[in-house]
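Hi everyone, thanks for making time for this.

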Amino acid sequence: AENAQNRQDEVTGKKHLPKGVVLGKDGKPCRSCTSFGAWAQMAKKETTTPATISTTTPPAQATSSLQPPADCPPDVEQLGRSSWTLLHSIAATYPEKPSPQQQTDTRQFLQLFGKMYPCWVCADDFREYMAKGNEPKVSNRAEFARWMCEAHNAVNVKLGKEKFDCNRWDERWRTGWKD
Ligand code: FAD
């Protein structure tokens, strides 16, 4: 069965990629959609067994703790952490009484962010989240912060992570923790 699959893959140009490696829309592995661990696993297989990328895949946990070196392109997790830092920080400095123009700008920013986010699978899901009953709430800072926290929690749930307590959002992203 594996030989047949390999033959089929030769025809289609597809390879057996390690679990977690996400292809980009150009059909090539997408670095910013893939964890560094999965990427390293793929690179290792390509250098050791170039013709037959094997089906033995490490469990997600075995690779997800690996971090890319600081001066390398970001993986999906590093990009995500940096992006959430930016998004929550934007919410933290959002006005308590934004003008109509500021509200429009913020909605547009989020729509464009959802189009340009480098991990395309993440971007697709984020746009879908906003389109399906979760349009950004931008009438004041508290509301925007709550919306951002819930949007982040929706991703946490999708990835099997714990939800963050949005009542503590202010301390995490704006004021610092109370002692
Ligand atoms: P992160 O989730 O990056 O969180 C960083 C810090 O924010 C945490 O340490 C915590 O202190 C705080 N935090 C956590 N949750 C909340 C919250 N709800 N509100 C406020 N603060 C919080 N990765 C994928 O693999 N698949 C995806 O589809 C995907 N979609 C994404 C969509 C968007 C818009 C973004 C910005 C990122 C996405 N990511 C996705 C990346 C993913 O969300 C994480 O950033 C990544 O897995 C690293 O997670 P982390 O555990 O280090 O903490």
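Let's begin at Val121, which sits in helix 6. Before I go further, please keep in mind that this is a predicted model. Is Val121 buried, partly exposed or exposed? Val121 counts as partly exposed, because it has 15 C-beta neighbours inside 10 Å, and a residue needs 20 or more to be called buried. Setting aside its neighbours within four places in sequence, Val121 is in contact with Val22 and Cys33. Cys33 is 88 residues away from Val121 along the chain, yet their C-alpha atoms are separated by 7.0 Å.

Staying in helix 6, we also find Asp124 there. Asp124 is partly exposed too, because 13 C-beta neighbours lie inside 10 Å. Between Asp124 and Gly114 there are 10 residues in sequence and 7.1 Å in space, C-alpha to C-alpha.

The C-alpha atoms of Cys33 and Val21 are separated by 7.6 Å, with the two residues 12 apart along the chain. Where is Val21? Val21 lies in the loop between helix 1, residues 2-12, and helix 2, residues 36-48. Val21 is buried, because 20 other C-beta atoms lie within 10 Å. Its contacts, leaving out neighbours within four places in sequence, are with Pro29, Thr34, Ala38, Trp39 and Met42.

From Gly27 to Ala123 we go 96 residues in sequence and 17 Å in space, C-alpha to C-alpha.

Let me step back to the whole protein. Its secondary structure comes to eight helices and zero strands, so reading from the N terminus you simply get α-α-α-α-α-α-α-α. Of the 179 residues, 16% count as buried. Among the contacts with a separation of 6 or more, 56% are between residues 24 or more positions apart.

The domain assignment gives domain 1, residues 2-64, and domain 2, residues 76-175. How many residues of domain 1 are in contact with domain 2? Eight residues of domain 1 are in contact with seven of domain 2. On the domain 1 side, the residues that touch domain 2 are three nonpolar, four polar and one charged.

Next, the ligand. Its shell has 21 residues, and Gly80, Ser83, Cys122, His152 and Phe164 come nearest. Which helices supply at least two residues of that shell? They are helix 4 (76-92), helix 6 (120-131), helix 7 (141-158) and helix 8 (169-175). Helix 4 has the largest share, seven residues. By class, the shell divides into 11 nonpolar, six polar and four charged residues.

On to the interior. In soluble globular proteins, nonpolar side chains tend to be buried together. Here the largest nonpolar core has nine residues: Ala91, Tyr94, Val138, Phe144, Ala145, Met148, Cys149, Trp169 and Trp173. Helix 7 and helix 8 each supply at least two residues of this core, and helix 7 gives the most, with four. Looking beyond four places in sequence, Tyr94 from this core is in contact with Arg141 and Phe144. Apart from it lies another core, of six residues, among them Cys33, Tyr117, Cys119 and Cys122.

Finally, a word on confidence. The mean pLDDT of the protein is 86, and 81% of its residues reach 70 or more. The model scores ipTM 0.99 and pTM 0.86. Where does pLDDT stay under 50? One stretch is residues 3-13, for which the model has three contacts beyond four places in sequence. Another is residues 50-63, with 19 such contacts in the model. Where pLDDT is low, the predicted coordinates should not be read in detail.

That's my tour, and I'm happy to go back to any part of it.

How values were computed. Residues numbered from 1 in each chain as written. Predicted model: local features only at pLDDT ≥ 70, side-chain atom pairs only at ≥ 80, totals over all residues. Buried ≥ 20, exposed ≤ 12 C-beta atoms within 10 Å, placed from the backbone. Contact = placed C-beta atoms within 7 Å. Near = placed C-beta within 6 Å. Nonpolar A, V, L, I, M, F, W, Y, C, P; charged D, E, K, R; others polar. Domains from an automatic or database assignment. Core = buried A, V, L, I, M, F, W, Y, C linked by C-beta atoms within 7 Å. pLDDT = per-residue confidence, 0-100.
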